[in-house]
Amino acid sequence: MAETAERSIDLALEVNGRRRSLRIEPRETLAEVLRDRLALTGTKVSCDAQVCGACTVLVDGLAVSSCTYLAADADGRRVRTVEGLAVDGRLTPLQQAFIDRAAFQCGFCTSGMLMAATALLEENPAPSADDVVRGLEGNLCRCTGYAPIVEAVLEAAAAGDRTTNGADGAAE
Amino acid sequence: MKRVTTRDAAPAPIGEPVPRRDGIAKVTGGATYATDIALPGMAHAKVLRSPYAHARVVSIDTAAARAHPGVIAVVTAEDLPDVELIYGHAVADHPLIATGKVRFAGEPVVGVVAEDAVTAQEALALVTVEYEPLPWVTDVAAALAPDAPIIHERPGEQRAHRGFEEDIERTAANVCSASRQQWGDVDAAFAEAALVVEGEFRYPLCYAYAMEPYTAVASWSEGALTVWTSAQHPYMVRDDLAHCFHLPLSAVRVIVPYVGGGYGSKSYTKIEPLTAALALRAGRPVRLALSVEEAILTTRGDGARIRLATAFDHEGHLLGRRATVHLDTGAYAENSPLVARKAANRLGGPYRIPALDVRCSAIYTNTAPASSFRGFGAPQVTFAAESQMDEAAERLGLDPLELRRRNVLQPGERPWPRVRGIDADLGADLEIAAEELEWDTPAVAGRGKAISISASDAGSEPVTTAVVRVHSDGSVTVTAGSTEIGQGSSTVLAQIAAGEMAVPLDRVHLVQSDTAAVSYDRSTGASRTTTLMGLAIQRAARDARAQLVRWAEEALAPDGPAVVEERDGVSIDGKRYDWGELVRAWFGGASGEVVGRGYVRRAGATEEMPPFWEVGCVGVEASVDEETGEIRLERLVTVGDVGCAINPQLVESQDVGAAVMGLAIQRAARDARAQLVRWAEEALAPDGPAVVEERDGVSIG
């Protein structure tokens, strides 16, 4: 293997409220660490070039493309992924609205959509439809035509989905 | 048979917008896709691709790559003497890895397997390939020129024709297939026409961009092959794998978990033979996950050049249609022979056309292979044909809606001999679109309205099986070879089974798309899953019910009291038994199950082709910014003439999603034109002579 111990670095971060310490290679992306080392495969990689938004996760509350975000840069930070939204099997209003509104079909963009929308709602609890469209501009969906996604986010906002179950605050 | 319901049965969920069954998995990150499959000992592959559109492979030096630490196997065509390298469901012309020659930039030439993907990627740089570039053609006109380079030298490469043998003929060197549809006296029709509308139309090459790129994991064990893949048609992939590796069908297992979008781009075989070959040489399970860039080089939609002429009488009745369609099929046939066939068929309606002569050819070019994409054949030709309907209306001084009303096929009417009559109400569809669009209210200045309609022969071949198992507790397992690609099959098919067995929906579970565990289904595409697999499940459920009634007679009423079939069980002398009780009674214990079988083939209700007609009816109101030329869609109306909507919410989301993808194609094509004009300005006219955009290019000075 090309991997060598000398090149490895220590990474300590919090993922969905749990502290994780691992040795990684400097070149590893956050998406690779989440998917391959922590088995959090809900985060999907599509374009691998920070264009499509499928890999969106939250780092200290900010939506980032984990496919191009070096895991080393997440050292000491709080990372939230789609697996951290529902707690004890209880869906967030946003997740429920996605189901109710059929805001996904194949589901491959859904994790990223949910995380981008979560960041949006945490910053702006009462967005207009235009706000939602702008907030999700970096997220592609090829199945739905987007309208149901916008409706779902607005519905979640109306239901008071400001902080989600797995929000930063809950982990502290 | 008389059926009496004596107590409240579970409500039949047919026609209900029940929530998607994959909903919770997909919003919690718990849904498994091919990209999430990880096996013990799994190695990772990367592919070295040709930088040339057309070249002879002179030599490949893999020594340095093989010596790279962490590399397990480096594989070229020469390393696979025991593998049949050429596959293809329509025309066997597609090598799983380049055999002496490359036919498009991006064609796989060498596969490297390593402990991890990064190491495999590193090793690709250590491979040296010597190419001898050949003259190339990247568009249809160049491919058909008399002195065009020949892309496939050996006609013998075209040999596996399934279902449309009559279309495979090589009329010129780079012709992959040629389809013709004709009836009536076309010459006479055009001779007597009051109006002939003629034109040439171009349809762009498009990449479907399913969010999930192609991914496969292959594993060999005891001479049998298992492949997890993002394919829409697991059974057809199985067939190609069995062919390549000289295996019986039973020794190949293809498993498809959730698929991250298909739209046709994951129909048929893609990277599975290569992945299996790499696993064979590596002696380990191998994962090959393409990047989006590589996926673009794997399959795209057929571009088209359409020459179309339509003849009308003075009242706007269609008299005849002539067309020559050239599809840009790319380097390998893939599904393009069928795209050509369908394009020919889809010019045969949705109107009454007394005389027609349509030729559609799939043409090889040195570009990435083209295949299915969203109603293949239909968008290419419908765009052209419906544009001519509008042009004819204008020239005849008729309302475009009225022109369509006069010509549209009536329910039951056959578009051409020996096909199923139209099983939809196209006239009513037009009126619904018109009403929604307020057709009779003229658009304000700067805006326009349009309505368009098509009818596609859908459903593909009716070859489908299903199994419905009713367990000893009365719950139901359905095995169905249809793939959940986002269309909602896991929900709709469960609804059908629950409705037929009259059990609550949450008592029905589905197992899909595993060729070893689930019985055969031809494919998931052409809108055939709800119709054909739905029919197979309905038949399997009825077969299970019939057996259960017989079992009740045998086990509970051998001496004759009548067994009365109810919605959700039977009653004997007024005593009720549910399905689970009947299973237990017949087996004489606490366990057992009944196995119901459903078959769909070219017989009975599905003897006539196509199995059904799929209607597309769309209305738009658009505005044009007169300064910038920007077209803005103000309103979009779609009409889905689907018969009984088993899950109306899913129907609506399919319809809207497809319509928006269609808009994206239009936008992308306009964007491509705008870029080319800008490039012309920058490269050819930097100092100012005006660049004028023409229909099919630019003129300068």
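The model is predicted.

Chain A contains 6 helices and 5 strands. From the N terminus, these elements follow the order β-β-α-β-β-β-α-α-α-α-α. Of the 172 residues in chain A, 53% are buried. Among contacts in this chain between residues at least 6 apart in sequence, 63% join residues at least 24 apart.

The strands of chain A include an open sheet of 5 strands, ordered β2-β1-β5-β3-β4, in which the pairing is mixed. The edges are formed by β2 (18-24) and β4 (62-65) of chain A; each has a single partner strand, so one side of each is left without a neighbour in the sheet. From one strand to the next, the twist averages 40 degrees. Strand β3 (residues 56-59) of chain A and β4(A) run antiparallel and are joined by 4 bridges. In this pairing, Thr56(A) lies opposite Ser65(A) of β4(A). Helix α3 (residues 110-123) of chain A packs on the sheet through contacts with β3 and β4 of chain A, and its direction makes about 35 degrees with that of β3(A).

The interface between the chains involves 41 residues of chain B in contact with 35 residues of chain A. On the side of chain B that touches chain A, two or more residues are given by each of α1 (23-27), α3 (117-124) and α16 (648-684) of chain B. The largest share of this side, 8 residues, is supplied by α16(B). By class, the side of chain B that touches chain A comprises 19 nonpolar, 14 polar and 8 charged residues.

Within chain B, an open sheet of 5 strands has mixed pairing and the order β9-β18-β17-β16-β10. Its edge strands, β9 (175-183) and β10 (195-203) of chain B, each pair on one side only. Neighbouring strands of this sheet are turned against each other by 5 degrees on average, direction ignored. Strand β16 (residues 303-312) of chain B pairs with β10(B) in the antiparallel sense over 9 bridges. Within this pairing, Arg307(B) in β16(B) is the bridge partner of Glu200(B). Helix α9 (residues 336-346) of chain B packs on the sheet, where α9 touches β9, β17 (318-330) and β18 (355-364) of chain B and its direction makes about 20 degrees with that of β9(B). Helix α10 (residues 378-396) of chain B lies across β10, β16 and β17 of chain B and runs at about 145 degrees to β10(B).

Strand β17 of chain B includes Thr329(B). A residue counts as buried if 20 or more other C-beta atoms lie within 10 Å of its own; Thr329(B), with 32 such atoms within 10 Å, is therefore buried. Leaving aside neighbours within four places in sequence, Thr329(B) is in contact with Cys176(B), Asp302(B), Ser336(B), Ala362(B), Ile363(B), Tyr364(B), Thr365(B) and Ala370(B). The C-alpha atoms of Thr329(B) and Pro369(B) are separated by 6.0 Å, although these residues are 40 residues apart along the chain.

A further pairing in chain B joins strand β12 (residues 224-229) to β13(B) in parallel through 4 bridges. Here Val227(B) stands opposite Val254(B) of β13(B). In a regular strand, side chains alternate between the two faces of the sheet. Strand β13 (residues 252-255) of chain B is covered on both faces, with Val252(B) and Val254(B) buried on one side and Arg253(B) and Ile255(B) buried on the other.

The largest nonpolar core has 247 residues, and those with the most contacts inside it are Val113(B), Leu278(B), Val468(B), Val478(B), Ala497(B) and Ile537(B). Helix α14 (residues 528-556) of chain B gives the largest share of this core, 11 residues. Not counting residues up to four places away in sequence, Val478(B) touches Ala466(B), Val468(B), Leu493(B), Ala494(B), Ala497(B), Val508(B), Leu510(B) and Ile537(B).

Helix α13 (residues 489-501) of chain B has 13 residues and spans 18 Å from its first C-alpha to its last, close to the 18 Å expected at 1.5 Å a residue. In α13(B), 13 of the 13 residues are buried, so this helix is largely enclosed by the rest of the structure. Just after α13(B), Ala502(B) adopts a positive phi of about 55 degrees.

Technical notes
Residues are numbered from 1 along each chain as its sequence is written. Chains are lettered from A and ligands numbered from 1 in the order in which they are written. This is a predicted model: local features need pLDDT of at least 70, side-chain atom pairs count only at pLDDT 80 or more; totals for chains, interfaces and linings use all residues. Two residues are in contact if their C-beta atoms, placed from the backbone, lie within 7 Å. Ala, Val, Leu, Ile, Met, Phe, Trp, Tyr, Cys and Pro count as nonpolar, Asp, Glu, Lys and Arg as charged, and the others, Gly among them, as polar. Two strands pair if DSSP finds at least two bridges between them. Axes are lines fitted to C-alpha atoms, for helices over the stretch in contact, and angles run from 0 to 180 degrees between N-to-C directions. A nonpolar core is a set of buried Ala, Val, Leu, Ile, Met, Phe, Trp, Tyr and Cys residues joined through C-beta atoms within 7 Å. A residue is buried if 20 or more other C-beta atoms lie within 10 Å of its own, exposed if 12 or fewer, and partly exposed in between; C-beta atoms are placed from the backbone. The expected span of a helix is 1.5 Å times one less than its number of residues.
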